[in-house]
Amino acid sequence: FVPGGWASNKVKALGDDGVEAIRQFVRSGGHYLGFCGGAGLATEDGIGLLPVKRRPTRERVPSFSGRIRLKTSDHPLWQGISDPIFHAWWPSQFVAGEGASVLAAYGDAMPDAFSSDVNVGDAEKGDGWAELERAYQINLDPKRLMDEPAVIEGRFGKGKVLLSLLHFDTPNDRNGAIVLGNIWKYLIPNAEHQKRALFGSGNEVQRNNVVMPELEKAVTGLIELGQRNFLWFWKNPRLLQWRRGVRGLEYCTLYVLVHELSNLTKQQGHPGASDLEKGLQRTRELLLPFVDKAKELLVRERFAMQKGQITYERCDDPEVQALRDELFSRAKSYGGSFKELLDEIDSLLYGLLLSRKQLIQVRNDR
């Protein structure tokens with residue numbers, strides 16, 4: 001299973017040996033399930049599991065997010081779904097070749113969806129998409145997605161490959177939850193479907209950590225600054241909707257991960273406490289200066305919007321550009337001090353998840 005996120009970063013992290021391990025696993029009869037960026041990883045542009053290509057950026061709607069209705073095929077994935085409305089979060093677009101079956105295509109976008117920072121319902125009541133596309137200089141009209149592949153299936157060797165540009169893992173999405181269950185039964189039909197507690201019974205004694213409250217306060221203050229400057233609002237419990245010109249996804253990711261880190265560090269009994277404390281101190285050293293500079297950048301970007309159009313990569317203010325380069329680099333997928341910070345938090349979370357899983361496994365075995 002490969003979740004969303006930048007496919008190019010996944011390829012770099014895997015390396016040649018990791019890529020070949022996945023290919024061999026599927027070739028030998030294992031199955032591959034990819035959502036969004038995880039789907040992109042399996043294309044010909046990635047590790048080549050299916051004859052699927054990415055549509056060129058200039059032909060795509062690059063910034064669609066929200067609910068969209070699908071045109072579905074007769075397939076076990078859609079069992080129990082009466083109205084196939086699901087969530088897409090800034091997906092790529094695919095061109096399916098011979099041997100790749102389209103299980104669902106895009107239909108109408110819902111009025112509460114967004115294209116960039118434009119609400120779909122509001123835009124369709126106004127002067128239309130053509131004028132907005134001239135102003136934004138990108139494709140915005142979600143009708144350009146109509147009948148494009150959204151879910152694709154094929155085979156690589158003995159294994160099944162299932163690729164979805166929809167996020168069935170979106171929080172509080174009933175349709176998505178149903179499809180996740182259907183996928184499990186479809187890919188592993190003879191498995192025991194058990195619900196087991198991964199993180200304990202909920203009655204663990206909480207650990208006291210002096211660093212986490214400071215980290216939570218910092219990221220909460222960052223989000224609040226963006227809200228009071230009308231730069232974003234919460235679209236759902238995990239995702240912000242931000243104005244064009246700022247990197248809302250990165251700040252949203254940081255906020256969610258820090259709070260998840262806090263939840264896990266409060267649970268008693270994980271091993272490696274000294275390593276955890278060192279990791280949290282290192283995270284603090286990286287995060288607090290980052291947040292201070294990010295706040296400065298956001299305020300500068302807010303005022304730059306009043307003077308003219310800006311995008312995440314283009315702004316005429318040299319001080320804005322210098323801060324952007326330091327915090328994120330010029331890569332669309334992010335770099336700079338943000339990447340260093342994110343790598344540190346990722347390592348901490350991964351270690352905590354592994355140790356918690358091991359502890360619960362020991363408890364279950366007893």
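Analyst: In helix α4 (residues 129-136), W129, E133 and Y136 are buried, where buried means under 20% relative accessible area, exposed over 50% and partly exposed in between, with a 1.4 Å probe and protein chains only. Seen down the axis of α4, these buried residues fall within an arc of 75 degrees, so they line one face of the helix; the arc is taken from the directions from the helix axis to the C-beta atoms. Their cover includes β7 (114-115), β8 (118-119) and α3 (120-125), with contact meaning heavy atoms within 4.5 Å. Helices (H or I, at least four residues) and strands (E, at least two) are DSSP runs, numbered from the N terminus. Just after α4, Q137 has a positive phi of about 60 degrees.

The model is predicted: local features need pLDDT of at least 70, side-chain atom pairs count only at pLDDT 80 or more, and totals for chains, interfaces and linings use all residues. Residues are numbered from 1 along each chain as its sequence is written, and side-chain values use heavy atoms, leaving out hydrogens and water.

There are 16 aromatic pairs in the structure; rings of Phe, Tyr and Trp (its six-membered ring) pair if their centres lie within 6.5 Å, with planes under 30 degrees apart stacked, over 60 edge-to-face and the rest tilted. One of them joins F1 and F35 edge-to-face, at 5.4 Å centre to centre and 75 degrees between the planes. F1 is exposed, at 61% relative accessible area, whereas F35 is buried at 1%.
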